[in-house]
Amino acid sequence: MKTLRIYRLLVASSIRSRMQYKFNFWFSSAMSAFISAVEFAMLAVILHKFGHIQGWSLTESGYLYAVLHLGRTIYRTFASDVHHLEKYLVSGDLDGLLLRPIPVLLGLMTLNVSIRIGELVQGLAILIWSLHGLIASGQIGFAALPLTFIAIVSGAALMFGIGLATASVGFWITRIEVLQNITEDAARTAAQYPLTIYPKWMQGLLLGIIPIAFANYMPALYILRGQGGWWLVAASALIALLALAAGMALWRVGLSRYQSTGS
Amino acid sequence: MITVSNLTKQFRQTVPKEGRFSGIRTLLSRDYRVKYAVSDISFTIPEGEFVGYIGPNGAGKSTTIKMLAGILHPTSGTVQIDGLSPHRHRRAVARKLGVLFGQRTQLWWDLPTADSFDILAAMYGLEPQRKRERIGMLAELLELDPFMATPVRKLSLGQRMRADIAAALLHDPDILFFDEPTIGLDVTAKKNIREFLRQINRELGKTILLTTHDMDDIEQLCTRVIVINEGALSFDGTIPELRRRIGLPTLMSVTYRGEVIVDSGVFDALSIKEIDGRTVIATCNRAKMSAMEALRLLETLGEIEDIHMEEPNFEDIVHHIY
């Protein structure tokens with residue numbers, strides 16, 4: 001409870017800090033929304049041309065895209081600077097967090113919080129549009145709504161786990177940008193499309209090594225198409241929790257190896 | 001109470017290769033050079049002591065402080081702060097410590113100064129009443145009121161340092177680590193900060209470990225000096241002891257009532273540097289001869305009118321040990 005209060009306070013002060021630079025705040029929110037809108041527009045153009053990707057319709061692909069991006073938006077909003085740990089490792093700025101009687105991860109999560117309004121609005125818009133289309137055509141019922149909510153939250157936890165594990169590797173190798181490109185950016189870009197378009201080895205990679213497919217594709221198989229069973233959603237949540245636990249464990253070991261910098 | 005025993009910290013560095021394709025060969029190399037930033041340091045600091053921790057750049061001062069504060073984990077050896085290990089019980093120890101890094105602010109850069117205190121108070125779980133008392137007291141002692149509403153990034157260095165000191169003291173810790181609190185400040189600001197540090201040590205009984213390159217800080221504040229050089233402890237004792245050990249000469253300038261004739265053969269530990277009419281300038285090695293003995297010797301030369309003694313400059317002493 002106390003931790004939650006401190007988290008709220010720290011997030012609020014972080015947002016106030018960013019509000020000091022109003023132009024930057026609004027401009028970056030607008031830009032990130034614009035970029036992800038362009039991304040989806042490209043997907044839509046492809047689908048419009050061919051009608052479907054490997055049997056996945058436009059509304060279904062929109063659903064995959066929206067669930068993934070909403071999950072990511074939640075992760076990046078609540079754990080913002082975990083993704084930028086490299087900056088703290090190189091500059092030695094983690095020192096300041098280690099001096100305080102709060103968990104270091106909590107401190108890091110509350111620095112430079114960005115409210116990703118643009119991405120949130122855009123993600124929600126696509127999700128609502130997709131769900132509306134799918135429900136109207138009778139493919140899914142309203143029972144899909146709570147399941148979708150679970151899928152989004154567990155996807156956020158999964159991406160947080162992957163992000164945290166990747167960041168923690170930085171305690172050993174310091175520079176992690178390239179690694180993040182693979183585990184976070186490339187994997188997520190890949191998961192925007194239905195998994196079936198990829199060769200088998202790539203599917204294995206996205207299911208087993210960097211299990212990003214559990215953030216949208218796997219739960220969607222059941223939610224949208226009734227394949228497998230409800231356990232697909234539960235398994236996705238379980239894998240998210242495992243990834244989070246692994247990330248936390250790696251983080252704890254890494255922190256004890258923190259080297260700081262000279263001064 | 002701080003107990004440090006056999007504290008060691010080693011860093012591994014890749015050995016850079018030379019010659020052809022040196023970049024790639026360095027990348028593939030598995031050769032490491034182990035560098036001891038701190039090696040086998042032991043000391044104990046009882047409550048209420050004001051200790052100066054000095055050494056040249058790169059001697060391992062900051063590394064030691066970071067291990068004491070729980071930022072770095074020691075390679076071997078132990079640190080205990082009131083019986084607790086800072087890296088195993090980091091959060092409990094953090095409550096007992098106030099830490100200031102003069103080169104790097106701990107305040108929230110873009111927010112008004114007062115906001116930083118609010119955030120810190122919440123982190124340390126201060127009750128609202130207690131928080132008001134602490135901030136009121138510190139604001140008065142450190143004269144923070146004129147810039148409480150100013151964002152930290154717009155403060156002058158002197159103001160920022162005072163605000164940082166207040167931030168380190170907000171939760172009323174008993175042990176304080178100050179890493180270069182007077183760096184870059186003007187004479188008046190330095191004097192004020194020294195006065196404040198003296199006050200919290202003498203009157204409130206805070207234990208203070210101070211690292212600095214400003215020898216006036218050490219000379220005016222510390223009851224004890226610990227010198228570290230190349231990671232190893234090279235001296236631990238009082239300032240007079242340090243003076244004695246180095247044995248730098250005391251300068252004595254004696255003016256006589258009449259002309260003096262000097263027979264230099266008389267004195268061994270006392271050497272005559274200069275004779276200018278009625279004034280004789282002599283240096284005396286205090287490790288071998290007390291000031292009184294030296295005076296008695298000088299008295300045999302004639303009737304003394306005036307005498308002036310100059311102790312060796314502390315900076316020279318330190319220069320000598322490094």
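Predicted model: local features only at pLDDT ≥ 70, side-chain atom pairs only at ≥ 80, totals over all residues.
Strands here are DSSP E runs of at least two residues and helices are H or I runs of at least four, numbered from the N terminus; two strands pair if DSSP finds at least two bridges between them. B:Val51 stands opposite B:Arg224 in β8(B). Residues are numbered from 1 along each chain as its sequence is written, and local features need pLDDT of at least 70.

These strands belong to an open sheet of six in chain B, ordered β5-β6-β7-β3-β8-β9 with mixed pairing. Because β5 (97-101) and β9 (232-237) of chain B each have a single partner strand, one side of each lacks a neighbour in the sheet. From one strand to the next, the twist averages 15°. Helix α6 (residues 157-169) of chain B packs on the sheet, touching β5 and β6 (175-179) of chain B, and its direction makes about 160° with that of β5(B). Contact means heavy atoms within 4.5 Å; axes are lines fitted to C-alpha atoms, for helices over the stretch in contact, with angles from 0 to 180 degrees between N-to-C directions.

Turning to chain A, A:Ser154 lies in helix α8 (residues 144-173). At 9% relative accessibility, A:Ser154 is buried (under 20% relative accessible area; exposed is over 50%, partly exposed in between; 1.4 Å probe, protein chains only). A:Val38, in helix α2 (residues 22-50) of chain A, is partly exposed at 37%.

Terms used: Chains lettered and ligands numbered in written order. Heavy atoms only, no water.
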